[in-house]
Amino acid sequence: EDGLNGWLRYARLDDCHTKGKLDSMPKTIITLNATKDSPLETAGTELQTGINGILGLDLEINPQTSDKSTKFVISTADAYKEEYGDLPEGVDLIDDGFYLNTKDADVLIIGSNQRGALYGVFEYLSRLAQADFSKDVYVTNPEVPVRWANQWDNLWANGTHGSIERGYGGVSIFYDGFGHVREDLSRVPLLGRLLSSVRINAIVINNVNADASLFQGTNLDGIQRIADLFRPWGVQIGLSQYFASPQTIGGLDTFDPLDEGVITFWTDLTNEFYRRVPDLAGFVVKANSEGQPGPITYNRTLAEGANLFAKALKPHGGLLMFRAFVYNHLADWEDWHADRANAQVEFFGELDGKFDDNVVVQIKYGPIDFQVREPVSPLFGHLRNTDVAIELQVTQEYLGQQCHLFYLPPLWRSIFDFDMRVDGKESYVRDIISGKVFNRKRGGYTAVTNVGMNATWLGSHLAMSNLYAFGRLAWEPTLDSVEILEDWTRLTFGLSRGIRDAVTEMSMLSWPAYENYTGNLGIQTLTDILYTHYGPKPASQDNNGWGQWTRANSESIGMDRTCWNGTCNAGQYPGEVAQRFENTDTTPDDLMLWFHHVPYSFKLHSGKSVIQHFYDAHYEGAETAATFPDTWEKVRGKLDDERFEHVLHRLKYQAGHSIVWRDAINEFYRNLSGIPDEAGRVRNHPWRIEAENMTLEGYYPVAVQPTESASGYT
Ligand code: BDP
């Protein structure tokens, strides 16, 4: 059990679950009109494999109906109609949707398209694996058509990040680290299977900080090979494009989006991609951000830049995902009115309606960058005439990098379920994304996944619940976080109630715990901001151009984002919400320091002062993390030792690292504010043992920066 199959293990059910159930199982699998390597063919073999694993039955696959014995019918709606007649009334399917009927002797798994049929098989197997034999009729359609994974894989191994930028599960499954697509791509279909099972329909296979050498020479064949391996799973590929490619690989002296030569370059290259990959999903573009080139270099708008690609993609039906993550990372820290959180609306607000109709603006959930707590990006309230997708992160860049357990759905749901009150009316972010609020036809959920060659994919078994949940929520954003988790746990670790309770308890505590011991009250994750984004380093947040500022001094802390005195980021939200954030009286405690600069003694709604909240929360968070190894110990023996130990090791590490966090942050702000902890705990707590006071063979003290996260200052 190394984790490679994730939640698709198809482990054999105990007899007690299957007793009396096997006789009534259909005897054959019909895949109507399945062609070689098609998703429909995959659906048939997956069902065969799954039933063999879960129930121990051997079923035959026939492409057509033959004998009279009971059967599974896997088909597209069109093929089904031709063979058997109409689907029952009320079965209305849109692209990728499916109809599953387990009520009768024959089990029907009918997709609106082949991909939908494959999704239906996964749904059926997921139920079987959870010992759910209920007789049911189930019709389901996706909330949005764009459900994309984004991988930030580099072609070259890079000293700081390995070959996946912000990836913590090993090196790339696509590239060899020496500038080429791997010869051995055997992990690709395994990933395709996992993605398809949670209805993710596309994957972008290279870093948004794109390297144009992917689009040259034998790498083009490589891209084609990758696409061919994903296709049977109903997963399309997408490509990140480098804006200056016309110059770097095209031999032109410009990359001006309005230049004829540049337009021809992109048209030709795009045509070449489609010649090789006819079902290419589209491109992702990061432009004019963090040093990336873009249209602004030529005084063109971001919309003009986006439309350049959109026009080349249009004849092929491709989408251009244009990232709203545009800001100036060389901002002036001295300027108290500068605010990175304002950048998206500043750059994109005025461009609403100026994008071609195959452009989708891809917006990170918050206005800054995947922090432990952010308000929703205000841009969602501005783009009324533009399709949008939300960008989430499955990879835990700022959130413990898979060394800490952090179950993300509750955080995501807090964003999806936020009511923007556009024009004073109910407008949940999820309904803006789906297009309901502004009457748009297309919306999307995307997530930076960054799985790697590690057998666990993400570096941690428990982190896989986030990949699973991303797909489930992209399909149905109102799903309950605990229900998703329970499904995942049963599929991953079997049906033991004890394991389910343990995983649920830890996972549901993981966001509040991490927020408590890293950065609370909306101050953001107080991590090393310049490089690693890991471990405590509050001082690094200020005094740089990157704009993730805390504005902490000896008296006070927080970003003043009010309009009356600050950066007026609050004013970018629709009226009712703006008013709420403008005022400390109506700003919730968990966003207080996001919107307000207040003295450490400022009294929160909870009645505590800001500084005392810091102290208490950091203790509370570390205390919660300390319970995780004990909670997990309770399931020892209820699963394989291999995964048990792997998880335990990470949880123990987390419990320890949360203490490092606790003491570093508390120490830092006690020094800065000069206000002691009312409970007298700082640097004087039970169980803390400085390394200097231990006898450690092979270790010696060295200077550590920042000193507050060091043991005994070294
Ligand atoms: C930041 C990452 C950086 C990415 C950037 C992005 O630290 O590695 O390139 O986002 O999303 O969170 O483009």
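**Close-ups of an open sheet and a barrel**

**View 1. Strands 4 and 6 pair up in the antiparallel sense.** Four bridges join strand 4 (residues 98-101) to strand 6; strands count as paired here if DSSP finds at least two bridges between them. Helices (H or I, at least four residues) and strands (E, at least two) are DSSP runs, numbered from the N terminus. Across this pair, L100 sits opposite Y138 of strand 6. This is a predicted model, so to speak of local features takes pLDDT of at least 70, side-chain atom pairs count only at pLDDT 80 or more, and totals for chains, interfaces and linings use all residues. Residues are numbered from 1 along each chain as its sequence is written.

**View 2. The open sheet has six strands, in the order 2-1-3-5-4-6.** Pairing is mixed, and strand 2 (60-62) and strand 6 (137-140) are the edges, each pairing on one side only. From one strand to the next, the twist averages 10 degrees (axes are lines fitted to C-alpha atoms, for helices over the stretch in contact; angles run from 0 to 180 degrees between N-to-C directions).

**View 3. Helix 4 (residues 114-129) packs on that sheet.** It touches strands 3, 4 and 5, and its direction makes about 140 degrees with that of strand 5. Contact takes C-beta atoms, placed from the backbone, within 7 Å.

**View 4. Eight strands close into a parallel barrel, 7-10-11-12-13-14-15-16.** Here the twist averages 25 degrees from one strand to the next. Three bridges link strand 7 (residues 146-150) with strand 10 (residues 202-204), where A149 has I203 as its bridge partner.

Notes:
Contact = placed C-beta atoms within 7 Å.
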